[in-house]
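I opened the model and kept notes as I went. The entries follow the order in which I looked things up.

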Amino acid sequence: MMGTTTMARESTILLVHGAWANASAWQKVLPLLAEAGTTPIAIALPLTSLEADTATLARAIALVEGPVLLVGHSYGGAVITQGGHDPKVTGLVYINGFAPDEGESAGSLGAGGPPTSLPDNLLPDAEGFLKLTMKGVAESFAQDLTPAEQALIFATQGPASGPHALGAEITSPAWKVKPSWYLRGTNDHAIHPELQAMMAKRMDAKTVDTDSSHVPMLSQPRKVVDLLLQAVG
């Protein structure tokens, strides 16, 4: 059997950001994964629809040779759930992520779970794209980051389509056929920790708790990397 280090060196880790984010959400995780011998790639999603986002993921997987570990944060969890069936994919890791079942969406899960402060801090435009307010970043999204980091998240966020991305239903959940891991943020004000626990339990995911906000990859990157290396190994 290959050791963890050997497996890591042969593995590509595709990192999928969520709504109100971009590929830079993984900036603290990327160098740590590279130091561990993996090949990390942070994907940039359009956030215009689940269909477009899963197509972006499929293109990224197609360019990789060898095994692939998919990692989804927040809405990115719905993307890897829908787009994780490729034979190259060895597993799915959810970082405070949505893991919808068939017929569910990220939005329906959030609306049906215990309430959080996030919905009150979203601004829709005329086309149904949602943007996070500065108050929302500071109180609901990234309360354990510095004010400078919070300001950067606000300034660079990717607005997400409410109806076509967050509201799009999953048709075939990859977690039903792929092994899964879950990092649960117990101080998350965007996706309630109880909802996270429910999703992790029904997937039978190997679960680790951390006392982070909604963005542990920025506030506790080492904890995130440790779980990813477990999944690779």
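**Entry 1: helix 4**

How many of the residues of helix 4 are buried? I am working on a predicted model, so every value here is computed from it. In helix 4, residues 76-83, I find seven of the eight residues buried, so I note this helix as mostly covered. I listed the buried ones: Gly76, Gly77, Ala78, Val79, Ile80, Thr81 and Gly83. Next I looked for what covers them. The cover includes strand 1 (12-16), helix 3 (50-62) and strand 3 (68-73). Strand 4 and helix 5 (106-112) are also among the covering elements.

**Entry 2: strand 8**

I moved on to strand 8, residues 180-185. Six of its six residues are buried, so strand 8 is largely enclosed by the rest of the structure. I checked the two faces separately. Ser180, Tyr182 and Arg184 lie on one side, and they are all buried. Trp181, Leu183 and Gly185 lie on the other, and they are all buried too.

Which strands pair with strand 8? Strand 4 is one partner: the two run parallel and are joined by four bridges. Across that pairing, Leu92 stands opposite Ser180. Strand 9, residues 206-210, is another partner, also in the parallel sense, over five bridges. There I noted Leu183 opposite Val208.

**Entry 3: rings**

I searched for aromatic pairs. The count comes to one. The ring centres of Tyr94 and Tyr182 are 6.1 Å apart and their planes meet at 10°, so I record the pair as stacked. The cut-off for stacked is planes under 30 degrees apart. The pair links distant parts of the chain: Tyr94 is in strand 4 (residues 89-95), Tyr182 is in strand 8, and 88 residues separate them. Are these two tyrosines buried or exposed? Tyr94 is buried at a relative accessible area of 0%. Tyr182 is buried as well, also at 0%.

I then looked for charges over rings. The charged end of Lys206 sits over the ring of Trp181, 4.9 Å from the ring centre.

**Entry 4**

I went through the pairings one by one. Strands 5 and 6 pair in the antiparallel sense over three bridges. Pro124 has Leu130 of strand 6 as its bridge partner. The hairpin of strands 5 and 6 has four residues between the strands, and in it Gly128 takes a positive phi near 85°. Strand 6 (residues 129-132) and strand 7 are antiparallel over two bridges. Phe129 has Ser161 in strand 7 as its bridge partner.

**Entry 4: Ser161**

I stayed on Ser161. It is found in strand 7, residues 160-161. Its relative accessibility is 0%, so Ser161 counts as buried. What does Ser161 contact, leaving aside its neighbours within four places in sequence? I get Leu47, Thr48, Gly128, Phe129 and Leu166. I also took the C-alpha distance from Ser161 to Ser74. The two are 14 Å apart in space and 87 residues apart in sequence.

Leu47, one of the contacts of Ser161, has a positive phi near 65° and is not a glycine. Leu47 lies in the loop between strand 2 (39-43) and helix 3. It is buried, at a relative accessible area of 1%.

Asn96 is not a glycine either, yet its phi is positive, about 45°. It lies in the loop between strand 4 and helix 5. Asn96 is buried, at 0%.

**Entry 5: the largest pocket**

Last, I ran the pocket search. The largest pocket has a volume of about 320 Å³. Its lining counts 21 residues. Phe98, Gly110, Leu118, Pro119 and Ala190 lie nearest its centre. Which element gives the largest share of the lining? Helix 5 does, with four residues.

Conventions
Residues are numbered from 1 along each chain as its sequence is written. This is a predicted model: local features need pLDDT of at least 70, side-chain atom pairs count only at pLDDT 80 or more; totals for chains, interfaces and linings use all residues. Side-chain values use heavy atoms; hydrogens and water are left out. Rings of Phe, Tyr and Trp (its six-membered ring) pair if their centres lie within 6.5 Å; planes under 30 degrees apart count as stacked, over 60 as edge-to-face and the rest as tilted. Buried means under 20% relative accessible area, exposed over 50%, partly exposed in between (1.4 Å probe, protein chains only). A charge sits over a ring if NZ of Lys or CZ of Arg is within 6 Å of the ring centre and within 35 degrees of the ring normal. Contact means heavy atoms within 4.5 Å. Two strands pair if DSSP finds at least two bridges between them. On a 1 Å grid over the protein atoms alone, a cavity is a set of points where a 1.4 Å probe fits but cannot get out, and a pocket is an open set with protein on both sides within 12 Å along at least five of seven lines; lining residues have an atom within 4 Å of a point. Grid points are joined across faces, edges and corners, and a volume is the space filled by probe spheres set on the points.
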